[in-house]
Amino acid sequence: MGVTHKLKPEVLSFIIENKQNNPTLSCRHLTSLVLEQLHIKVSKSSINAVFKEKNLSMPIGRRPKPKKRKFNMPVLPVIEDAKISRLGDLPQEILQDQEKEKLEKEKAAQEAAKIKVLEEAKLRESERIAKEAEEKRKRDEEIRRLAEEKVAQEAEENRKQEEAQKLAEEKAAEELARIKALEESRLREIEKLAQQAEEKRKRDEEIRRLAEEKAAQEAVRIKALEEAKLRELERIAQEAEEKAAQELSRLKALEEARLREIERSAKDAEEKAAQEAEERKKRDEEVRRLAEEKVAQELSRLKALEEARLREIEKLAQEAEERRKRDEEIHRLAEEKAAEELARIKALEESRLREIEKLAQEAEENERKQEGARKLEAEKVKQESGLQAERERWARLAEEEKKSKQEASKPKIVNEEPVPVKAESTVVEVFPEDRVCSGAIILKALDALIGGSKEINAVISTAIGGKPEDSINLTETLLFKSLFVKDKFSTLGDLVGVRYPQEQLNNYHVQIKQVTGIGLDVTKAISDVFIQSKGVKVNFIDKSVIHLDGQLHSSWPATRFPYDFANTISDLKTNLNKCFFQGQPLVLFSPPGYDILPKDFFNLILNFRSKDNYPVSLTLFGNQLEDLDNIPLGPENKCNLIFGLWPWQFTSSRKVKKIGEFSLKYIKELDRDLYLGDVEIDLFRAALNQSVSLKGCAVKTDLKGKIRLVILNSSEQAMDLDALAGTYLSHWRFLVMPAMSKSFFPRIVLVWTQQD
């Protein structure tokens, strides 16, 4: 029996209740109803299993078509045969044949008219289908154009990333060249130090060689001195021998002692010189060793520094390579995400188009059924009226036949002409005078849309030096006066809202005529009324510009939003005046987009939240992007922003900080109760490295149900939850239409022109 055990009780009761209320519902139709109202996807086989289990399945075969109703013709009165007494009198059978031919001709004419009406309906239907196909083609082209623009924008971002990567690589190359030049200078410095150490070593060797030569010269000099002393001693000894023989032994001993002393002194001097030479040699070797150790240490330090720099360069190169790979991975993921997003958007759009086509087909089918029922009812009424007329005609013919029989017994003139039957006069219903419209209501409605009377009244008020609100009703009365019968102003007063005496209207008219040149100003005002404004540019003091469409639905990244969002200049100025001059908030719909919060809308929130940044002017532009009007603003014209978010929208650009308790609140603007809870959300854009914290309310229709909508306020001063919800929902009333009471807050997704 299928998989009915997987369905929840509320889903089962919903399916059974709808099937019992409408036995002609199919499994496919119920699948769409469950998905639309309960947001649960159920297969057709599960619904068919429920039908079989509850004996709700329809009989096999085609549905029987309703049989056409047959109408019984009334029994015609019996007319006795009459004798032919003249040429004008014909037998009853001939009259009946003529009447039948006439009825057949009328029936053929009715069939031809019916066929013509059907052909015209088919022609209109084909034109409507062609128009819908053209609109669908335009929508597809718009979606394709948006996808191409998004791909182009992503390509531009990728190009910027590549340029940034190229700059980083160039910077790394410059850093590498600088390090290389520094290393080369350090190597030259090391070579210079090594050269200086080598020169010092050579100088030390030269000093040592000179010291050795000096020591050798000193030894030769000492030896020469000793030899000279010896010769002098020998001479003195020879002289002493001659003088004193006694002193010879003493002198000889003294001489020997002196010789020993001299030899010892020479030996000591030689040993001292050798010791000094050895010490000098040791000092030189120590100096050379210390110099070599210092050079080796300097070389090792420079080598370690070089290796550290090489490692740093390799690390920078590795980081650059990893950054490049990471950027390539991010780029690839972004491309895949963009492709998936495009595919998802395309699938959503196709599903929505299929759903719209399905709804259109169902609406068309319902309309055809209603039209068929209306036609059947009209045909029934027509047939009944025809039958009634036919009965009256046959009764009249019977009465005339009876009169002709009575007159047949009287003498008649043979050449008497037949008296033709007079046609019945049609009574035209004359409406009472207070119901005469003359198209004034239609013109009044059109004037309310385009604001023509307001612009004309503004010109007149400026010319006569009065206030526009004091003379608007008088101006409208003069404009619509020519559509009503003279001196019959009761309906005119009902149309305008105020009844004025004729004398006051004449005085006002004379006052206007006295102003010279007002005709040209009024003509220009009338021509300007029919100019549409595609949107408005909000110019801030920091030179930033935010684009809004003419109907103030949302902000856009450029001026390529739909022309259907354009508005008349008068209506747009009225709405802007309420927001920037009368202190009312700017209430926008949900910003276009799915995952990432649009840059322009985020900048709009930041500008409205900033204390120093404020709008300096508003520029209205047309369909050709030409400037139509400029409205200067000041710091006192700053207003706050109120907008809504769907629960599934911008999940990657928001962070919920707080969701309070839900309580039942009465919304007086809607005259209904809703569950509201205070909420605080952080909105951010990673590309800009900025975030903003906003407070608002979350909306539920059922305390145990899901959140249907989140309404946020850019002002730092908190609003009451019921006032905030009433302000937003009263502005966008299509979200809470009575016809959608079962599917309150439907999951609506508009086809936006996305430029991020």
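Cys-579 is buried, with a relative accessible area of 8%; buried means under 20% relative accessible area, exposed over 50%, and partly exposed in between, using a 1.4 Å probe and protein chains only. This is a predicted model, in which local features need pLDDT of at least 70 and side-chain atom pairs count only at pLDDT 80 or more, while totals for chains, interfaces and linings use all residues. Residues are numbered from 1 along each chain as its sequence is written, and side-chain values use heavy atoms, leaving out hydrogens and water.

Cys-639 is also buried, with a relative accessible area of 8%. A disulfide is a covalent bond between the sulfur atoms of two cysteines. Here the term requires a pair of cysteine sulfur atoms within 2.5 Å, and a search of the whole structure finds zero disulfides.

The protein has 14 helices and 14 strands. These are DSSP runs numbered from the N terminus: helices are H or I runs of at least four residues, and strands are E runs of at least two. Strands of a sheet pair through backbone hydrogen bonds, either parallel or antiparallel. Strand S3 (residues 545-549) and S4 are joined in the antiparallel sense over two bridges, and His-547 stands opposite Trp-556 in S4.

The next topic is the interior. In soluble globular proteins, nonpolar side chains tend to be buried together. A nonpolar core is a set of buried Ala, Val, Leu, Ile, Met, Phe, Trp, Tyr and Cys residues joined through side-chain atoms within 4.5 Å. The largest has 36 residues, and those touching the most other members include Leu-548, Leu-586 and Phe-643. H13 supplies the largest share of this core, six residues. Beyond its neighbours within four places in sequence, Leu-586 is in contact with residues including Leu-548, Cys-579 and Cys-639.

How many aromatic pairs does a search of the whole structure find? There are seven; rings of Phe, Tyr and Trp (its six-membered ring) pair if their centres lie within 6.5 Å, and planes under 30 degrees apart count as stacked, over 60 as edge-to-face and the rest as tilted. The ring centres of Trp-556 and Phe-565 are 6.0 Å apart and their planes lie at 45 degrees, so this pair is tilted. Both Trp-556 and Phe-565 are buried. For Phe-601 and Phe-643, the centres are 5.0 Å apart and the planes at 80 degrees, so the pair is edge-to-face. This pair links distant parts of the chain, with Phe-601 in helix H13 and Phe-643 in strand S9 (residues 641-645), 42 residues apart.

Definitions and conventions
Pairing = 2+ DSSP bridges. Contact = heavy atoms within 4.5 Å.
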